[in-house]
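Thanks for coming, everyone. Please look at the structure on the screen while I talk you through it.

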Amino acid sequence: VSATALAEQFNLPADPAGRDTLAAEYVLGTLDAETSARVAAAIDGDAAWRAAIEAWEARLAPLVALIRPEQAPADIWDRIEARITPHKAYVPRAPRTSWIWKGWAIAATLAAAGIGAFALLPVLRQVLPMPRLAGPAPVHLMGPIVTSESRAYPSWIADVDADGDLRLQPFRPVAGRGTLPPGHVLQLWAVLPGATVPVDLGVLPNEPRVVTIPQHVVQPVPEMVVEISVEEGGGSKTGRPVGPVLFVGRLVAVTTPN
Amino acid sequence: MPAPKGATAELLAAVAAGDREALRGVYRVQSARLFGVAMAILRDRPAASDALQEAFVRIWKRARRFEPARGDADAWLASVARHAALDIARSRGREAASDGSPGPAIDPDALDALAATDPGTRLRDSLRRLEPKPRAAVVLGFVHGLSYGELTTRLSEPAGTARALVRRGLASLREGPS
């Protein structure tokens, strides 16, 4: 791929001066998310972009010495380890390809195209406008989640889809139910086995929809607990549920026919 | 707590080969430094924790891209952590938050800590040649991950001038001390 074609593909300047200025701003961190993602995508495809960025990384790196180190919270290593440990349970036995998964594959390809594509963490990927519960899915991990009381909210079913991503499907999205008090949201959490603090998976959509959590946010494992809490405003930003946890489910390995 | 020179690069080579214990070793010696980097940008422990976690997952996945001949291991790790934190800052609407009250910041004129290394000394000398505003724009932009809007507020500049200040600063740094 020529530098010009690549520059055109990512809508980036093709001239050395323009490239160097944008590379410097990318390293400095002042670019907006969209421009930053386009530059990040160019790093892998073009030696000139890579060299320009590496030169700026080297030039500005000493500035890190101005930053005071700070002890990280104790549980972070456990959370990292949980995310990098593969689990054979997720290898799909009968991978299906339908438009849903093709859509996901395209999204995944776009995500792989650049560092900046990870910008929206934690992210909930909405795949389908409405749930389709007909027909058993060839999943290996299931975790029914039920409402604890009044059934004022829709119930959700958690499972792991053919790509190994955690998926939540609303169950019984009956009209009139699923109405949250004004100013409240449902927030999704995962508690990995042995962990003392949950992983924040983000706020669920207001309308009942199938939601997929990419593995780079959380890698589903057996015995992982999935929780949904009711939170005020835009959700808890503390890393833990602040409001009541109304839904709890544990992922268990199941065998499906076929 | 800096590791001996070269030790981190060796650990990264083992990480690239899939050695989880080596990643743990990197975490042990680098997590405080990298958490500081994330905190300087996000100023919020839960968000900085997410950034550190994301940074180490990226280090795990991308360690094979690190080439010791092309750069310093500590610098590479800091870059991964900075971009993980910047991604979170942007997803929280950093660009829109230009009129919020600025939090505490480092002093952009206190650059003596840079003199610990030769490249740092060269950078310090280049920065000292700059006028105060372009110098502050580059140093605060890097350390605190500020957007152009936030830099405008921080430097009490008219709207739209932060980019010009940053570019002026960066252009001088490209040339280096002469």
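Start with B:R135. The residue is buried, with a relative accessible area of 11%. Buried means under 20% relative accessible area, exposed means over 50%, and partly exposed is in between, with a 1.4 Å probe and protein chains only. Keep in mind that this is a predicted model: local features need pLDDT of at least 70, side-chain atom pairs count only at pLDDT 80 or more, and totals for chains, interfaces and linings use all residues. On bookkeeping, residues are numbered from 1 along each chain as its sequence is written, chains are lettered from A and ligands numbered from 1 in the order in which they are written, and side-chain values use heavy atoms, with hydrogens and water left out.

What does B:R135 pair with? B:R135 forms a salt bridge with B:D109, and the closest N and O atoms are 3.0 Å apart. A salt bridge here is a side-chain nitrogen of Lys or Arg within 4 Å of a carboxyl oxygen of Asp or Glu. B:R135 sits in helix 6 (residues 132–144) of chain B, and B:D109 sits in the loop between helix 4 (73–91) and helix 5 (118–129) of chain B, so the pair ties together parts that are 26 residues apart in sequence. Helices (H or I, at least four residues) and strands (E, at least two) are DSSP runs, numbered from the N terminus. B:D109 is partly exposed, at 45% relative accessible area.

Next pair. B:K133 and B:E157 meet through their side chains in a salt bridge, 2.8 Å from N to O. This pair also links distant parts of the chain: B:K133 is in helix 6 of chain B, and B:E157 is in the loop between helix 7 (148–154) and helix 8 (162–175) of chain B, 24 residues apart. B:K133 is partly exposed at 34% relative accessibility. B:E157 is partly exposed too, at 23%. Then there is a network: salt bridges that share partners join A:R83, B:E54, B:R58, B:D87 and B:R90.

Now chain B as a whole. How many helices and strands does chain B have? Eight helices and zero strands. Of the 178 residues of chain B, 50% count as buried. Contact means heavy atoms within 4.5 Å. Of the contacts in chain B with a separation of 6 or more, 64% are between residues 24 or more positions apart. Here is an example of distance in sequence against distance in space. B:R20 and B:W60 are 40 residues apart in sequence and 8.3 Å apart in space, C-alpha to C-alpha. B:R20 is in helix 2 (residues 20–42) of chain B, and B:R20 is partly exposed, at 29% relative accessible area.

Chain B has a mean pLDDT of 89, and 90% of its residues reach 70 or more. The model scores ipTM 0.93 and pTM 0.61.

On to the interface. The size of an interface is often given as the accessible area lost when the parts come together. Buried area is that loss (1.4 Å probe), summed over both parts. Chain A and chain B bury about 5300 Å² between them, 61% of it on carbon and sulfur atoms. In chain A, the residues that lose the most area to chain B are A:L28, A:L66 and A:W77, together 13% of what that side buries. In terms of contacts, 52 residues of chain A touch 64 residues of chain B.

What about charges? The rule finds eight salt bridges across the interface of chain A and chain B. One of them joins the side chains of B:R174 and A:D20, at 2.2 Å from N to O. Over all chains, the structure holds 20 salt bridges.

Last stop, chain A. The side chains of A:D75 and A:R79 meet in a salt bridge, 3.5 Å from N to O. Are these two buried or exposed? A:D75 is buried at 17% relative accessible area, and A:R79 is buried at 10%. Finally, A:S36 lies in helix 3 of chain A. A:S36 is buried, at 2% relative accessibility. Not counting residues up to four places away in sequence, A:S36 touches A:Y26, A:L31 and B:R90.

Key. Buried area = accessible area lost by both parts, 1.4 Å probe. pLDDT = per-residue confidence, 0-100.
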